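Look at the structure below before you read on.

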Amino acid sequence: MNKNEIKVFCPATVANVSCGFDVLGVALDSVGDEMVVRKVSQKGIKITKLTGQDLPKETLNNVAGVAGNAFLLASDYDGGFEIEIDKKIKPGSGIGSSAASSAGAVWAMNHLLGNPFSKTELVKFAMEGERLASDVAHADNVAPALFGGFTLVRSYSPLDVIDIPAPSELYVTIIHPQIEIKTSDSRKVLKTTISMETGIKQWGNVGGLIAGLFKKDYDLIGRSLEDHIVEPIRSILIPGFDEVKKVSLEAGALGSGISGSGPSIFAFSKGEETAVKVGEAMKTVYDKIGIDYEIHVSKINMEGVKLL
């Protein structure tokens with residue numbers, strides 16, 4: 001490849017991480033999109049190739065195009081970019097399909113221009129892709145995709161993203177039942193108010209999860225994976241959800257929850273061996289129900305988007 005063209009890996013992500021609705025996320029290592037981005041003299045963003053999924057190539061109808069446009073508008077570069085996308089993450093899977101494309105595009109453009117923008121600024125551009133996908137410019141998928149590891153969006157206005165360390169033996173198992181839940185639809189079922197009592201429980205868990213990650217306290221991480229606000233409502237949309245949670249814990253998982261807006265379900269484990277066992281246990285639930293699924297076992301991706 002020439003110096004005006006790079007190929008990047010754009011990671012899948014788990015957003016919310018149970019208790020952290022719209023503020024917490026983590027990047028995965030074993031699943032993601034691949035993208036080739038090249039600098040061209042012609043102005044604007046053009047998606048020249050899109051394989052893997054049936055998605056629009058028109059710039060303003062594609063999240064990578066929209067995020068790229070936001071980047072271009074803010075930059076002083078007077079040329080443009082061509083993008084080739086190999087979509088390996090299914091849209092509507094709950095593991096950050098739109099975020100991978102949005103984050104990958106802006107990271108690659110920034111790299112090709114000599115990194116004029118900070119990671120936090122890139123998150124802002126990538127959020128515009130999320131606005132197209134789900135009607136809400138949330139950052140809990142694009143932030144870990146760009147920063148790597150766990151991220152906490154402390155504030156949206158002004159945007160303040162904090163990267164959080166992850167213990168080296170923490171693994172994620174994800175089962176993706178082959179049904180589609182659109183993020184925009186799953187947002188519509190949520191309540192807009194909560195009681196003080198529910199809020200206190202939730203804040204305790206968010207604090208506990210962050211403390212557990214910093215202290216490398218696997219039990220504390222597991223105890224904190226409780227969601228009193230979103231999961232009780234969204235889990236109704238996911239067949240077999242309660243059973244998957246139950247068998248995951250029995251197989252040794254630290255805890256589990258809905259990945260993003262679903263239908264994927266994630267579980268954290270200490271060590272790869274346990275994470276694989278948890279995946280085997282999860283499979284039994286959907287084998288019984290008769291729903292096809294995909295399984296991913298991944299360590300935490302501490303880099304985020306990276307060169308291939």
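A salt bridge is a side-chain nitrogen of Lys or Arg within 4 Å of a carboxyl oxygen of Asp or Glu. Glu5, Arg38, Glu82 and Glu84 are linked in a network of such salt bridges. The model is predicted, so local features need pLDDT of at least 70 and side-chain atom pairs count only at pLDDT 80 or more, while totals for chains, interfaces and linings use all residues. Residues are numbered from 1 along each chain as its sequence is written, and side-chain values use heavy atoms, leaving out hydrogens and water.

**Salt bridges**

- The structure holds 15 salt bridges.
- Helices (H or I, at least four residues) and strands (E, at least two) are DSSP runs, numbered from the N terminus.
- Buried means under 20% relative accessible area, exposed means over 50%, and partly exposed is in between (1.4 Å probe, protein chains only).
- Glu84 and Arg38 meet through their side chains in a salt bridge (2.5 Å, N to O). Glu84 lies in strand 4 and Arg38 in strand 2, so this pair ties together parts that are 46 residues apart in sequence.
- Arg38 is buried, because its relative accessible area is 16%.
- Lys87 forms a salt bridge with Asp33, with the closest N and O atoms 2.5 Å apart. This pair links distant parts of the chain, 54 residues apart: Lys87 is in the loop between strand 4 (80–86) and helix 2 (97–112), and Asp33 is in strand 2.
- Both partners are buried: Lys87 has a relative accessible area of 4%, and Asp33 has 0%.
- Lys299 and Asp29 also meet in a salt bridge (3.2 Å, N to O). Lys299 lies in strand 10 (residues 293–299) and Asp29 in strand 2 (residues 24–40), so the pair ties together parts that are 270 residues apart in sequence.
- Lys299 counts as partly exposed, at 42% relative accessibility. Asp29 is partly exposed too, at 23%.

**Empty spaces**

- Rolling a probe the size of a water molecule over the atoms shows where empty space is left.
- The search uses a 1 Å grid over the protein atoms alone. A cavity is a set of points where a 1.4 Å probe fits but cannot get out. A pocket is an open set with protein on both sides within 12 Å along at least five of seven lines. Lining residues have an atom within 4 Å of a point.
- A volume is the space filled by probe spheres set on the points, which are joined across faces, edges and corners.
- A search of the whole structure finds 1 cavity of 30 Å³ or more. The largest cavity holds about 60 Å³ of space.
- Its lining includes Asn16, Phe21, Asp227 and Arg234. The lining divides into 3 nonpolar, 3 polar and 3 charged residues.
- Ala, Val, Leu, Ile, Met, Phe, Trp, Tyr, Cys and Pro count as nonpolar, Asp, Glu, Lys and Arg as charged, and the others, Gly among them, as polar.
- The second largest pocket holds about 360 Å³ of space. It is lined by 17 residues, of which Ile194, Thr198, His228, Ile229 and Val230 lie nearest its centre.
- Helix 6 (196–215) gives the most to this lining, with 5 residues.
- The lining of this pocket divides into 10 nonpolar, 6 polar and 1 charged.

**Around Met196**

- Met196 is found in helix 6. At 59% relative accessibility, Met196 counts as exposed.
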